[in-house]
Amino acid sequence: MTALAGGLLAQGALATLAVLVAVSARGRARNLLAGVACAALSAAGAVSGALALSGATVTLRMATALPGAELVLAPDRLGGLLMLLVGSVGFLASVYAIGYVHGASASRTQWAALALFLLGMQLVPAAGDVVAFLLAWELMAAASTVLVLAEQAHRPAARQAAVWYAVMTHLSFVLLLAGFAALSATGGTTSFAGLAGTDAARPGATAAFVLLVVGFAAKAGVAPLHVWLPRAHPEAPSHASALMSAAMVSLGAYGILLVGIRLLPGGPTWWSVLLTALGAGSAVHGILHAGVATDLKRLLAYSTSENLGLVVAAIGLTMLLRTHHVPGAAGAALVAALLLLVSHAAFKSTLFLGAGAVLRATGERDLDRMGGLAHAMPWTAATFGVGSLGAAALPVTGGFVAEWTLLQALIHGVRPADRVVAVVVPLTLGLIALTAGLALVTFVKAFGIAFLARARSVTALAATEAPPSMRAAMVLGAVGVLALGVLPGPVAAAAASAIGVDGVRVAGLGGVELTGVGAVLSPAALVGLGAVVALPALALVLVVARRRPATTDVLGWGCGGVRTSPRMQYNATSYAEPVMRIFDDALQPRRDVVVTHVGESAYLAERVRFAQHHDDVVEVRLYRPLVAAADALADRARRVQNGSVNRYLAFSFTALVVVLLVVVA
Amino acid sequence: MSAAPLLVALVQVTVAVVLAPLVIGVTRQTRARLEGRVGPGVLQPARDLRKLIGKTPLRAAGTSPMTVVAPVVLLTSSLLLAALVPLVAALPLALVPGDLFVVVSVLLVGTVAIALLGLDGGSAFGGMGSSRHMTIAALVEPTVLVAVYALSIPVGSSALPLIVAARRDHPASIASPAGVLAVVALAIVVLAETGRLPIDNPSTHLELTMIHEAMVLETSGRDLAWVDLASWLRLSVLLGLVGNLLLPWGVAGSAAPGPVLLGALALAGKLALLAVLLATVEVAMAKLRLFRVPELLAGSFVLAFLAVTASYLVA
């Protein structure tokens, strides 16, 4: 038995162990034991992923009760990369959960669901055929729904969120089922190895492609199928949000990679343009809503929709540039897609874990009621800050390297003579740039409003730092974000070889060189250069600071008056006001201003109440009519079922007669 | 990697640090003369800087370590910018070849640092300035990248030294429609990023109209010195870049002392010219209303996009 086979089997064994521990242990022991078991399960996943990524192969076949149908686990190198990603995020989330879970989220059901969720996610990229893939997919979907429901007893919003999530995730499942059925019928087999490189011109291929892409896009949270994200992520416990947002949505993107690159390569141009438009649209839509969100976890959820949009756009560009014979840029775009996925997993898990620490310390998700948390929670502030840098794609983080790679692919994807490429590439570049700019505002807001300045509420003032297990997970996540940023070369090279792209080399100390497009980036060298130029400045700063220490605790500027109320600070709503105003047409906020005048005077106001609310336009325009139609249909269907036993007996009798008639005839 | 480009980068940083207060001095002096005042002389910013470095900073109650760190981060980002942008010589470093995306991201690190500094003060004005500043930075981003795209098409690379060198060696490309449109778009971006008129008024005393000044309202003493020096450096480096894109003559192509000295002198000349021009234009112009700024930036985006289209026509 090879090490990889052992790793895969160990995951099954550890998941069983974790479920047993979760069910049998009590109180705090349960949190510790189940947490350790889940962490071991994820570590097993990460190790097997690393083995598969480095080229180890294995094919595990499991017979099922149905004759002829067997489950095949055969991770390839790309699957290995995803397994490594999911396992790493799972490890962080499990360690974090030991200190984080309390009350409803520490129940037997929740821990058991967490273990099954982890197992499902780690098996999806290991699947070697359609049946195993769909089974693992469904395990992942069902277990995550249980996690979203954790707080349902005292939070009606959690129930709502779970319904939305369950409906969306099962719609996605149905589409995948149909898509894979169509694909298997076209290709004549259910194994991925047999389906790889199916001719896109065959009948049924287009239907399969569209069904599968829509199904996977719903899981990846790509707009307009993102509606479950901003509901489910805020309501789920934070370790579950981190897992869903950093790991699970990546599997949606993995599915799109699987379909677009491996199973159905060489499709018509419109497939790739569709993906690019879907991705770029989702990126702009997601970041706009994140930019104006005031709920921290909702903000992060929309940012996930943005990042996955970028990944999907990069995959679309790869397909476009491949069909139009620009191989160098296509390879760079594909590597960019993988780097985006990996760096997103790192920074988004760090951010969600940080948001969880804030939620635990203050009970607040509303940015408008936070502030000054850097004083009480320095660890959380530092790690959240690093995560924010990653999300804003600034150096030296993984997010920056990923975005740089994508931009290099776009810059070198120039084909003036080819009309489609000539139009699509610069437009995509503009949209991605707008996304990058708005991501800056969003994350300066998220970090600055939550952690800097003065506390805006009593709860924020009384915050305390997170316990050690949570801190350890957050620090590990932040170190991951920085490591991906300083030494991206090996990761990029591994990702490139996993997806079969040549033209990525390690340059200097852990830098990336894209030989296909002739671009090089060495963040370590950039850091070194920064250190060289900053050293004299730093020395001067230190010398001067030693000579004259600063005077602290003076009064801030209040136009000559004393204005010390923390409520006078800018908050998240006011910070995003210019963005809201500029993108008024896209966001369509509802503002409510009530002015109470002093006596009869029209000029003196006693108090002014301001309320602002904005709904997702996609939701209002697309989903409300759909939900209303579904409701109406369900009402009609209910008339058939009125609870009368006589009627049900009549139904059974009629059905029996029909069956008999069919059999006889 | 040979040491020559690194040495040249350090020379550039030194030259930029020396020239930055002078550039500000020239703009202020020109403005004063045009408005009929005598003006304090071009050395005044340098004297201000020396004075501020010697002063004890006052920090508002409730500020976090960000107030101490952000000015230094901003300064580092500006110094790094001076090392990466081809000012004196167009010699790419082997591992960090002055790629425009890297340059922009280094610039944005500074932008973010000062925005966080503004928020950390805990006053209404700091947050206001920070919010406006970041919104403008966000809207500028598409223009920058699309303009870079247009400039990189003829060269086949987004590395600034290569772009400048290509323009120096083929002067015809400077006057091409794509080149002109892209540089005009970039010039508007430079005004926005450095807080000049018509986007922000650097000499305003009215808090409600401030952007940059509002963020540094709580900053004083040496903290303010670092912020000021960094902002001046940023203006000088970006003006120098625009200067070298428009008039790429004199930019050294080798690390020999002669060409580098010539490059430094040429840079000083271009900066003086642009500083006078900037001040003259600013005297004749009023600040735009804040919510008209997006229209200006949208206009610059259209210019950048036209530049891309024009470069297709040439290619």
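Biologist: How do strand 4 and strand 5 of chain A pair, and over how many bridges?
Modeller: Antiparallel, over three bridges, with strand 4 covering residues 511–514. Pairing here needs at least two DSSP bridges between the strands. Strands are DSSP E runs of at least two residues, helices are H or I runs of at least four, and both are numbered from the N terminus. This is a predicted model: local features need pLDDT of at least 70, side-chain atom pairs count only at pLDDT 80 or more, and totals for chains, interfaces and linings use all residues. Residues are numbered from 1 along each chain as its sequence is written, while chains are lettered from A and ligands numbered from 1 in the order written.

Biologist: What stands opposite A:Glu513?
Modeller: A:Val520, in strand 5 of chain A.

Biologist: And what packs on that sheet?
Modeller: Helix 20 of chain A, residues 488–498. It touches strand 3 and strand 4 of chain A, and its direction makes about 165° with that of strand 3. Touching means C-beta atoms, placed from the backbone, within 7 Å. Angles run from 0 to 180 degrees between N-to-C directions, with axes fitted to C-alpha atoms, for helices over the stretch in contact.

Biologist: What's the strand order?
Modeller: 3-4-5 in chain A, an open antiparallel sheet of three strands. Strand 3 (504–507) and strand 5 (519–521) are at the edges with a single partner each, so one side of each has no neighbour in the sheet.

Biologist: Switching to helices. How do helix 12 and helix 17 of chain A cross?
Modeller: Their axes come within 11 Å and cross at roughly 160°. Helix 12 is residues 296–323 and helix 17 is 419–451. The two are therefore roughly antiparallel, a label for angles over 145 degrees.

Biologist: Which residues meet there?
Modeller: Among them, A:Leu299, A:Glu306 and A:Leu317 from helix 12, and A:Val424, A:Ile432 and A:Ala446 from helix 17.

Biologist: Now the two chains. How many residues does each put into the contact?
Modeller: Chain B gives 67 and chain A gives 65.

Biologist: Which helix of chain B supplies the largest share?
Modeller: Helix 5, with 20 residues.

Key
Parallel < 35°, antiparallel > 145°, perpendicular 65-115°, else oblique. Contact = placed C-beta atoms within 7 Å.
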